Amino acid sequence: MDSGLPLGERIRVRLHLAICQACRRFARQARTLRWAARELGRRAEKGTGP
Amino acid sequence: MAEIRPTNPATTLAAEDLPAFRPALLRYASLQVRDAAVAEDLVQNTLVAALKSIASYRGDAAPQTWLIGILKRQIIDHYRRVTREAPLPAGGASDDAEGDADLLERLFASNGHWVTKPSVWSDPEESLQQEAFLAVLEACLKGLAGQSGRVFALREIMELDAEEICKDLGLSRSNYWVLMHRARLRLRQCVERGWTVERS
């Protein structure tokens, strides 16, 4: 998701996620929020609503 | 009124057709900006701009897609103006520092550990409850004010890339990441109140 992070930061995030279950859940929630926000935007562009 | 001759003969757009697109444009604008009056103004400006440049419409895209493109530029210009008029405090990445501090205090202990662990959400991408989840998120987005709301909307709804957002809003890369993180924290907290969770 945060692919724009510098490599060192990305590795640190991955290592932290490996030991932090709550953070993995948060990351999954963030991915869901991204999917849903984009879906809302695309639907609004096409003129279809939730 | 003059009718435009499009490249694709099936797609035409006349000046008198423009008002019919107002509801769709308003819906898109309302996803991006929290203030209903501002959303109305942006749509009005979009229709005026479309009227002025309707001669350039060639039918390469559907009329609504063309109009949304104009609206997107209006939204970005609006955010640029807002940011110029009320820039972020030096070194700060939030225009709601008190609210953010309160949120962070409720989420994290002083040692940095989670106070309440995030729940496991049932996956709306694979569920029949997709529509319900989207409705909850849409309601939550309306409460996501300030610069973090703008950054989240530009990145996740309008799908601009981070570099472009930083340039448009005059943000450093680190401010951008902080604002996105705070937007996600606020949104997930709001969504969790309205969404079925599987606690484990």
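Figure 1. The model is predicted: local features need pLDDT of at least 70 and side-chain atom pairs count only at pLDDT 80 or more, while totals for chains, interfaces and linings use all residues. Residues are numbered from 1 along each chain as its sequence is written, chains are lettered from A in the order in which they are written, and side-chain values use heavy atoms, with hydrogens and water left out. The contact (heavy atoms within 4.5 Å) takes 39 residues from chain B and 32 residues from chain A.

**Figure 2. The side of chain B that touches chain A.** Between chain B and chain A there are 11 residue pairs in polar contact, both residues at pLDDT 80 or more. A polar contact is a pair of N or O atoms within 3.5 Å; within protein, one must be able to donate a hydrogen and the other to accept it, and residues adjacent in sequence count only if both atoms are side-chain atoms. The elements of chain B that give two or more residues to this side include helix H1 (22-32), helix H3 (63-85) and helix H8 (173-194). Helices (H or I, at least four residues) and strands (E, at least two) are DSSP runs, numbered from the N terminus. H8(B) gives the most to this side, with 9 residues. The residues of this side divide into 20 nonpolar, 5 polar and 14 charged; Ala, Val, Leu, Ile, Met, Phe, Trp, Tyr, Cys and Pro count as nonpolar, Asp, Glu, Lys and Arg as charged, and the others, Gly among them, as polar.

**Figure 3. Salt bridges around A:Arg43.** A salt bridge is a side-chain nitrogen of Lys or Arg within 4 Å of a carboxyl oxygen of Asp or Glu. Within chain A, A:Arg43 forms one with A:Glu39, the closest N and O atoms being 3.0 Å apart. Both residues lie in helix H2 (residues 21-46) of chain A, 4 residues apart, about one turn of the helix. A:Arg43 is buried, with a relative accessible area of 12%, and A:Glu39 is partly exposed at 21%; buried means under 20% relative accessible area, exposed over 50%, partly exposed in between (1.4 Å probe, protein chains only). The side chain of A:Arg43 also meets that of B:Glu131 in a salt bridge (2.7 Å, N to O). This pair crosses between chains, from helix H2 of chain A to helix H5 (residues 130-142) of chain B. B:Glu131 is partly exposed, with a relative accessible area of 35%.

**Figure 4. Another salt bridge between the chains.** B:Glu159 forms a salt bridge with A:Arg42, and their closest N and O atoms are 3.0 Å apart. The count between chain B and chain A is 5 salt bridges, and over all chains the structure holds 13.

Figure 5. A:Glu9 forms a salt bridge with A:Arg12, with the closest N and O atoms 3.3 Å apart. The two residues lie 3 residues apart in helix H1 (residues 7-19) of chain A, about one turn of the helix. A:Glu9 is partly exposed, with a relative accessible area of 35%, whereas A:Arg12 is exposed at 57%.
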